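Hi,

Here is the structure I promised to pass on.

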Amino acid sequence: MLLIVTILLPIVICRPSCKYICPLGAIYSVFNPISVFRYRVDEHKCVHCGDCAGVCKMQVDPVQNANHPECIRCGQCKKVCPTGAITSGCVQKGESKVQESSSALSKPL
């Protein structure tokens with residue numbers, strides 16, 4: 001029975017072991033809010049289309065909380081954003097502002 005659940009559950013839920021079983025994910029989620037690598041959503045560019053939330057494998061809505069504890073920073077939300085409203089970068093020492101990354105993922109499609 002356990003084998004069947006292990007095989008079939010990933011078909012219904014993306015990364016079920018990471019999301020519900022793995023203790024490493026729980027440890028990472030504790031440190032996610034204080035991470036130096038942050039996502040930022042520009043409210044002026046965001047058109048609230050919901051594409052970013054729809055593509056997220058961890059069922060996170062970046063518009064509501066761009067640095068949600070369950071976010072695994074895969075970048076899919078940045079790729080699908082039609083206006084490029086989602087950017088990422090590292091917080092510099094002594095600054096609270098996020099520096100935008102120049103990666104190809106932050107460019108709109």
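Leaving aside its neighbours within four places in sequence, which residues is A85 in contact with? They are R40, V41, D42, K45 and C46, where contact means heavy atoms within 4.5 Å.

Before going further, some ground rules. This is a predicted model, in which local features need pLDDT of at least 70 and side-chain atom pairs count only at pLDDT 80 or more, while totals for chains, interfaces and linings use all residues. Residues are numbered from 1 along each chain as its sequence is written, and side-chain values use heavy atoms, with hydrogens and water left out.

On confidence: pLDDT is the predictor's confidence in each residue, from 0 to 100. The chain has a mean of 79, and 83% of its residues reach 70 or more. Helix α5 (residues 76–80) has the highest confidence, at 95, and helix α2 (residues 16–21) the lowest, at a mean of 72. Over residues 97–109 the pLDDT is below 50, although this stretch has 31 contacts in the model beyond near neighbours in sequence. Where pLDDT is low, the predicted coordinates should not be read in detail.

Now the layout. There are 5 helices and 2 strands in the chain, and from the N terminus on they run α-α-α-β-α-α-β. Helices (H or I, at least four residues) and strands (E, at least two) are DSSP runs, numbered from the N terminus. Of the contacts in the chain with a separation of 6 or more, 63% are between residues 24 or more positions apart. Buried residues make up 25% of the 109 residues; buried means under 20% relative accessible area, exposed over 50%, and partly exposed in between (1.4 Å probe, protein chains only).

Back to A85, which sits in the loop between α5 and β2 (86–90). Because its relative accessible area is 2%, A85 is buried. A85 belongs to the largest nonpolar core, whose 10 residues are Y39, V41, C46, C52, A66, C71, C77, C81, A85 and I86. Such a core is a set of buried Ala, Val, Leu, Ile, Met, Phe, Trp, Tyr and Cys residues joined through side-chain atoms within 4.5 Å.

A66 lies in the loop between α4 (51–55) and α5, and is buried at 14%. Not counting residues up to four places away in sequence, C77 touches Y39, C52, V55, P62 and I86.

The loop between α4 and α5 also holds Q59 and R73. Phi is positive in both, near 55° for Q59 and near 60° for R73. Most residues other than glycine have a negative phi. Q59 counts as exposed because its relative accessibility is 58%, whereas R73, at 19%, counts as buried.

Finally, the outside. L3, I4, I7, L8, I11 and V12 form a nonpolar surface patch with about 660 Å² of accessible area together. Areas come from the Shrake-Rupley method with a 1.4 Å probe, and for residues only the protein chains shown count as cover. I7 lies in helix α1 (residues 2–12) and, at 52%, counts as exposed.

Cheers

Definitions and conventions: Patch = residues over 30% accessible without salt bridge, like charges linked within 9 Å, V, L, I, M, F, W, Y side chains within 5 Å. Salt bridge = Lys/Arg side-chain N within 4 Å of Asp/Glu carboxyl O.
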